[in-house]
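My notes follow in the order in which I checked each topic.

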Amino acid sequence: MLMAIHGSFNGKWQAFELGSVSVRMYAFELVTTEIRYRLIPLLSSVAGKEKVLDLQDVLRRFSFDNICKFSFGLDPGCLESNLPVSKIAAAFDLASQLSAERALAPSTIIWKIKRLLNVGSEKKLKEAIKLVNELAETMINQRREMGFSNKNDLLSRFMTSINDEKYLRDIIVSFLLAGRDTVAAALTSFFWLLSQNPRVESSIRDELNKIMGSNQELVSFDVLSNMHYLSAAIHESMRLFPPVQFDSKFAQEDDILPDGTFISKGTRVTYHPYAMGRMERIWGPDCTEFKPERWLKNGRFVPESPFKYPVFQGGLRVCLGKEMALVEMKCVAIAVIRKFNIRVADPNQAPRFAPGLTATVRGGLPVMVKKIN
């Protein structure tokens, strides 16, 4: 749910104990409710009807509903059966895409001139950002009118101690990116890999049946930590397809990297989790294979160093929402795998990513859904 939140909000998030059991239980309850009353019914409605469904769109809607309820106490209902369009989600997508396309321009001069003249893509970007900001401000005002005393959502907690409207607005924008796009991206790639690797899917299903039994539909919070093979499969999926494929940091002071490279203050340093996850010298000769077993020792999941596996970043900037994001992904995986077979409509289709701040599959992920007898 909050995979990408880090950096400037670090101290504030610690103050609100994002990793506390009570907050994680609140998030867990919201996720399982969205699964039970929206995700499962939607998948059931198309199962066995030879109807193609864009799973990426479904997962993005699912994640958007969750992050709004968890963070703001508001339910946009994007995963209702009629799949309504959300203005803020659409504007955010456009702003994200156009921002990422700046990096693909042959020279920064091109987009800077467009911005100066307010034409083309820069005009669209300006309009999209304006809409995102206006809708975020509306969300804050609505939350204030509803009252935020004794509320569990995180915006209410912020609003009790922060009066800076722009800061609150920036928090909302960060929540939207962190809570929807990254989790949806991770789950989209995960289900594509399962479609290509039915052996792994079968092993996950066997583990779930062993732990949960054959009748229990939704998992309880207490047993999530016992699902070692599922944890391994999710981490392995993000090794090959990290939701944030590359990221950059700026040196606050002069520094020296472990290999002796000198980094002067202000230098931009970019690292590439997508490339790192496919390097033979890091992961071995089978680095391109989807192999959850590499994460298991004597049948138990063993995490890697965050500096070898920087999907959630590491050190002081490690993702504060890591555990909550993993809980959301596990809950979705469990609910879907126990009830359905998800198969990519075109077995030969490989993910091709569109420009963006997160790994969005170009053209979506068309799938066929079948119920398990």
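I looked up Cys68 and found it buried, because its relative accessible area is 2%, where buried means under 20%, exposed over 50% and partly exposed in between (1.4 Å probe, protein chains only). The model is predicted, so I kept in mind that local features need pLDDT of at least 70 and side-chain atom pairs pLDDT 80 or more, while totals for chains, interfaces and linings use all residues. Residues are numbered from 1 along each chain as its sequence is written, and side-chain values use heavy atoms, with hydrogens and water left out.

I then asked how many disulfides the structure holds, and the count is 0, taking a disulfide as a pair of cysteine sulfur atoms within 2.5 Å. For Cys68 the closest cysteine sulfur is that of Cys78, 6.9 Å away and therefore too far for a bond. Cys331 is likewise buried, at 2% relative accessibility, and its sulfur is 17 Å from the closest cysteine sulfur, in Cys319, which is too far for a bond.

Next I turned to the cores, each a set of buried Ala, Val, Leu, Ile, Met, Phe, Trp, Tyr and Cys residues joined through side-chain atoms within 4.5 Å. The largest nonpolar core has 70 residues, and Ile35, Phe190, Phe191 and Ile204 have the most contacts inside it. For Phe191 I listed the contacts (heavy atoms within 4.5 Å), and beyond neighbours within four places in sequence they are Leu55, Leu59, Val332, Ala333, Val336 and Ile337. A second, separate core has 23 residues, Ile88, Phe92, Met139 and Leu168 among them.

I also checked how helix α2 (residues 21-46) meets helix α3 (residues 55-72): their axes come within 10 Å and cross at roughly 145 degrees, with axes fitted to C-alpha atoms over the stretch in contact and angles running from 0 to 180 degrees between N-to-C directions. The residues making this contact include Leu30, Ile35 and Leu39 of α2 and Val58, Phe62 and Phe70 of α3. By class, the contact residues divide into 11 nonpolar, 1 polar and 4 charged, with Ala, Val, Leu, Ile, Met, Phe, Trp, Tyr, Cys and Pro counted as nonpolar, Asp, Glu, Lys and Arg as charged, and the others, Gly among them, as polar.

Last, I noted Glu236 in helix α10 (residues 228-240), which counts as buried because its relative accessibility is 0%.

Definitions and conventions. Helix = DSSP H or I, 4+ residues; strand = E, 2+ residues; numbered from the N terminus.
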